[in-house]
Amino acid sequence: MRRALELGARAEGRTRPNPAVGAVVVANQQIVGEGYHPAAGQPHAEVFALQAAAGHTAGADLYVTLEPCSHQGRTGPCTEAIIAAGIARVFVGTQDPNPQVAGSGIRRLRQAGIQVELGLCEKDSQRLIAPFAKHITTGLPFVILKSAVTLDGQTATSTGDSQWISNTQSREEVHRLRDRVDAIMVGVGTALNDNPKLTTRLPGGRDALRVVVDSQLRTPSQAALLHLDSTAETLIAYIATAPEDRRRCLAMGRAVLLETAEREGRVDLHDLLTQLGSRGVQSILLEGGAQLNAAFLKAGLIDRMMIFVAPKVVGGNGGYGIFAGQGVSCLADAMQLQDIRINRFGDDVLIEGEVKRCLPA
């Protein structure tokens, strides 16, 4: 199953609207076939693995990270391919959250006399499909907050200098992350102060949709993210009170303007995520700044946090934190993370976890 997870991860961010899935066929304690789902419209992971194991599938075991589908979509039901191949046992990482499947694939296999074991490497399997699972059940994208901080919790010095807190290895990992998400989101403050490109600078990398949350359309028409040689669009979210001249100016350029509902004089983030979800966006990398991060935190819309901690100390209390505002007054009300993972990138440490409980809106 670990190998199946590795295979599934190869297509993260490439399979929308489908989930990323990996599969391995084992016969006589040897891997005889493996595969993963590369993109929507192409065969599923199980089919590739069965094809690779041709001639060795009768009585073999199949390890698959997600419950095999039992319905006709762009491709045929994987359950029927598994049954026809003579597979004896199927080990499933996690049940499919898609209401069209939701246990029916497992039932079909068992009805055919195949032994099915559910829950092997379940957390890892669920993490692989987290964006798909949230989108298919709520219509909303999965939001990953990413930030880099010093040991004393600062994202920049008192003058706003933040280049670079994290090291080269950490920044390369961020570009790999950008390559796997559907959208990258920043607030207008970040667009004004840092003039970012929000591109994926990897060989063969893929640029994600760029989203700027800008209630009053203050993003300059000369902003770098509006003048890129990229196939990905730049979308600017605003509210109805934004100046008409700014709408005309940005609409004449390469920006895609998206009007949202208003909440306390700003973009209603829930409405924004709903609209992005309706456009098929399953995952968002939230890259700040502090005001936008705080708004997402308050609205309870963060699903995962990834914090790169660098062995540096700014000192004093004049720097910047991940979140703006006062925060909670009682630790019992603090956001908590679970399923914590810790990785090293050179001297930096990445702390990553799923949100257990968000602050009330």
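Ala23 is buried, with a relative accessible area of 0% (buried means under 20%, exposed over 50%, partly exposed in between, using a 1.4 Å probe and protein chains only). The model is predicted, so local features need pLDDT of at least 70 and side-chain atom pairs count only at pLDDT 80 or more, while totals for chains, interfaces and linings use all residues. Residues are numbered from 1 along each chain as its sequence is written, and side-chain values use heavy atoms, with hydrogens and water left out.

Back to Ala23: its place is in strand 1, residues 22-27 (strands are DSSP runs of E, at least two residues, and helices runs of H or I, at least four, numbered from the N terminus). Leaving aside residues up to four places away in sequence, Ala23 has contacts including Ala4, Leu7, Glu34 and Tyr63, where contact means heavy atoms within 4.5 Å.

Glu34 also forms a salt bridge with Arg3, at 2.7 Å, N to O. That pair links strand 2 (residues 30-36) to helix 1 (residues 2-9), 31 residues apart. The cut-off here is a side-chain nitrogen of Lys or Arg within 4 Å of a carboxyl oxygen of Asp or Glu, and by this rule there are 19 salt bridges. Glu34 is partly exposed at 29% relative accessible area, and Arg3 is partly exposed at 27%.

Now try Glu287 and Lys146, whose side chains meet in a salt bridge at 3.3 Å, N to O. Glu287 sits in the loop between strand 13 and helix 11 (290-299), Lys146 in strand 6, 141 residues apart. Both Glu287 and Lys146 are buried.
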